[in-house]
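The sequence and the model come first.

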Amino acid sequence: MLVLPKGVRHIPGYLTRDAQVALVADVRAVVEAAPFYRPEMPSTGKPLSVRMTNCGTLGWVTDRQAGYRYQANHPETGTPWPTIPAALLRIWSDVSGYAHPPEACLVNFYEPSAKMGLHQDRDEQNFDAPVVSISLGDSCLFRVGQARRDLPTVSFRLESGDVVVLGGAARLAFHGVDRIYPSTSGLLKNGGRINLTLRRVTTPAEAETRS
Ligand code: MD3
Ligand code: FE
């Protein structure tokens with residue numbers, strides 16, 4: 001039996017097929033306003049194999065010159081990111097257990113050969129909020145470990161419609177995508193995998209924290 005690290009909650013089949021189709025339409029509208037771009041590693045300028053865009057008041061970007069960061073505008077068009085679709089805000093309210101809305105939704109697109117090396121997400125100011133991940137399209141082999149790179153990892157498959165909530169002890173866990181399984185879903189006409197991550201970047205102001 002597969003035991004997930006503490007703080008990792010995998011919800012297989014969270015989204016119905018109809019909800020996945022509707023979410024793909026929402027993502028297409030986001031991509032029309034904020035086209036996918038190819039991010040670069042800091043310093044080296046090596047392009048990532050994953051293409052990215054964002055919606056929300058802040059988006060995660062990276063390029064050779066300025067490195068990993070959150071910013072309010074698309075790095076190539078200069079336009080503010082489109083708003084987070086209502087269906088995604090509903091998912092956040094349902095599963096995050098966090099009283100404040102997400103600020104960023106990073107949209108990752110994987111072609112069959114794309115992968116994401118083992119890394120930590122630590123560009124946010126606020127680690128109290130979980131990260132909520134939604135998978136659409138082809139399946140992938142996902143790997144998650146602990147807060148130190150040298151500690152053991154577990155791997156499992158993420159399929160279209162699955163949601164993963166990464167909170168508490170898992171918030172700073174190393175994780176990555178080892179491979180995409182091509183043609184495992186008919187959801188995206190031209191194949192590939194989309195992952196949406198909903199994130200809180202900043203700490204809510206004191207006044208917003210009072211009940
Ligand atoms: C575990 N994305 O965008 S989502 C990323 O499938 C990222 O595109 C992967 O890693 C993807 O940074 C994985 C699941 C995920 C997201 C954030 C995490 C797992 C996480 C933060 C902490 C621990
Ligand atoms: Fe990550």
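How do the residues of the lining of the largest pocket divide into nonpolar, polar and charged? In this predicted model, the lining has 20 nonpolar, 10 polar and 9 charged residues. The pocket has a volume of about 750 Å³, and 39 residues line it. Nearest its centre lie Met116, Gly117, His119, Asp121 and His175. Several strands contribute to this lining with at least two residues each: strand 5 (104-110), strand 6 (116-119), strand 7 (131-137), strand 8 (139-144), strand 11 (175-181) and strand 12 (193-199).

Ligand 1 sits in the largest pocket. Two or more residues of the shell around ligand 1 come from each of strand 5, strand 6, strand 7, strand 11 and strand 12. Strand 12 gives the most, with 4 residues. The shell holds 19 residues, the closest being Asn108, Tyr110, Ala170, His175 and Arg193. By class, the shell has 9 nonpolar, 6 polar and 4 charged residues.

For Asn108, the distance from a side-chain N or O atom to a ligand oxygen is 3.0 Å. For His175, the corresponding distance is 2.9 Å, and a polar side-chain atom of Arg193 also lies 2.9 Å from an oxygen of ligand 1. On its own, ligand 1 has 500 Å² of accessible area, and the protein covers 98% of that.

The second largest pocket has a volume of about 220 Å³. Its lining has 7 nonpolar, 2 polar and 3 charged residues, among them Phe36, Arg51, Phe109 and Ile194. Helix 1 (residues 17-33) gives the most to this lining, with 4 residues.

Definitions and conventions
Residues are numbered from 1 along each chain as its sequence is written. Chains are lettered from A and ligands numbered from 1 in the order in which they are written. This is a predicted model: local features need pLDDT of at least 70, side-chain atom pairs count only at pLDDT 80 or more; totals for chains, interfaces and linings use all residues. Side-chain values use heavy atoms; hydrogens and water are left out. On a 1 Å grid over the protein atoms alone, a cavity is a set of points where a 1.4 Å probe fits but cannot get out, and a pocket is an open set with protein on both sides within 12 Å along at least five of seven lines; lining residues have an atom within 4 Å of a point. Grid points are joined across faces, edges and corners, and a volume is the space filled by probe spheres set on the points. Ala, Val, Leu, Ile, Met, Phe, Trp, Tyr, Cys and Pro count as nonpolar, Asp, Glu, Lys and Arg as charged, and the others, Gly among them, as polar. A residue is near a molecule or strand if one of its heavy atoms lies within 4 Å of it. A polar contact is a pair of N or O atoms within 3.5 Å; within protein, one must be able to donate a hydrogen and the other to accept it, and residues adjacent in sequence count only if both atoms are side-chain atoms. Accessible areas come from the Shrake-Rupley method with a 1.4 Å probe; for residues, only the protein chains shown count as cover. A molecule sits in a cavity or pocket if more than half of its atoms lie within 2 Å of its grid points.
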